[in-house]
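This report goes through the structure shown below, from overall make-up to individual residue pairs.

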Amino acid sequence: MDFKSMKYYLYWLYCQFELITCSYLMEPWEKILFYTFNITMLVMISYTAYLFIPVHINTAFQFFLHLLGNQHENAVSIVK
């Protein structure tokens, strides 16, 4: 793809976004508030997913290992 067609494609995506969200009907100050809110929510959801999804996957993995019989070893070994 050349630069000119990429530019038109991105502009087409932006127009589609405005049509889907009906933001083309908004005034400029309303668009700023709307886009700011949407970007803020996207960043917060991404950050939360980055923090908590690996923890939940690890917990689920440990749970299923426990169900299958692979016990997690204690840090202290017992010497007889």
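The sections below cover the basis of the values, the fold elements, the loop, the salt bridge, the aromatic residues, the surface patch and the cysteines.

## Basis of the values

The model is predicted: local features need pLDDT of at least 70 and side-chain atom pairs count only at pLDDT 80 or more, while totals for chains, interfaces and linings use all residues. Residues are numbered from 1 along each chain as its sequence is written, and side-chain values use heavy atoms, with hydrogens and water left out.

## Overall make-up

The chain has two helices and zero strands. Helices (H or I, at least four residues) and strands (E, at least two) are DSSP runs, numbered from the N terminus. Helix H1 covers residues 3-21, and helix H2 covers 28-67.

Of the 80 residues in the chain, 4% are buried. Buried means under 20% relative accessible area, exposed means over 50%, and partly exposed lies in between (1.4 Å probe, protein chains only). The accessible surface of the chain comes to about 7800 Å², with 72% of it belonging to carbon and sulfur atoms. Accessible areas come from the Shrake-Rupley method with a 1.4 Å probe, and for residues only the protein chains shown count as cover.

## The loop between the helices

Ser 23 lies in the loop between H1 and H2. Its relative accessible area is 0%, so Ser 23 is buried. Leaving aside neighbours within four places in sequence, Ser 23 is in contact (heavy atoms within 4.5 Å) with Glu 18, Lys 31, Phe 34 and Tyr 35.

Cys 22 is found in this loop too, between H1 and H2. Cys 22 is not a glycine, yet has a positive phi of about 60 degrees. Cys 22 counts as partly exposed because its relative accessibility is 38%.

## Salt bridge

A salt bridge is a side-chain nitrogen of Lys or Arg within 4 Å of a carboxyl oxygen of Asp or Glu. By this rule there is one salt bridge. The side chains of Glu 18 and Lys 31 form it, at 2.9 Å from N to O. The pair links distant parts of the chain, with Glu 18 in helix H1 and Lys 31 in helix H2, 13 residues apart.

Both Glu 18 and Lys 31 are buried. For Glu 18, the relative accessibility is 10%, which is why Glu 18 counts as buried. Not counting residues up to four places away in sequence, Glu 18 touches Ser 23, Tyr 24, Lys 31 and Tyr 35.

## Aromatic pairs

The structure holds four aromatic pairs. The rings of Tyr 9 and Trp 12 are stacked, because their centres are 6.0 Å apart and their planes at 25 degrees. Rings of Phe, Tyr and Trp (its six-membered ring) pair if their centres lie within 6.5 Å; planes under 30 degrees apart count as stacked, over 60 as edge-to-face and the rest as tilted. Tyr 9 and Trp 12 are three residues apart in helix H1, so about one helical turn separates them. Tyr 9 is partly exposed at 40% relative accessibility, and Trp 12 is partly exposed at 45%.

The rings of Phe 63 and Phe 64 have centres 5.4 Å apart and planes at 65 degrees, so this pair is edge-to-face. Phe 63 counts as partly exposed, at 47% relative accessibility. Phe 17, Phe 34 and Tyr 35 form one aromatic cluster.

## Nonpolar surface patch

Which residues form a nonpolar patch on the surface? They are Met 6, Tyr 9, Leu 10, Trp 12 and Leu 13, with about 480 Å² of accessible area together. Patches are made of residues with over 30% relative accessible area and no salt bridge; like charges are joined within 9 Å, and nonpolar side chains (Val, Leu, Ile, Met, Phe, Trp, Tyr) within 5 Å. Met 6 lies in helix H1 and, at 35% relative accessibility, counts as partly exposed.

## Cysteines

A disulfide is a covalent bond between the sulfur atoms of two cysteines. With a disulfide taken as a pair of cysteine sulfur atoms within 2.5 Å, the count is zero. Cys 15 is partly exposed, at 25% relative accessibility.
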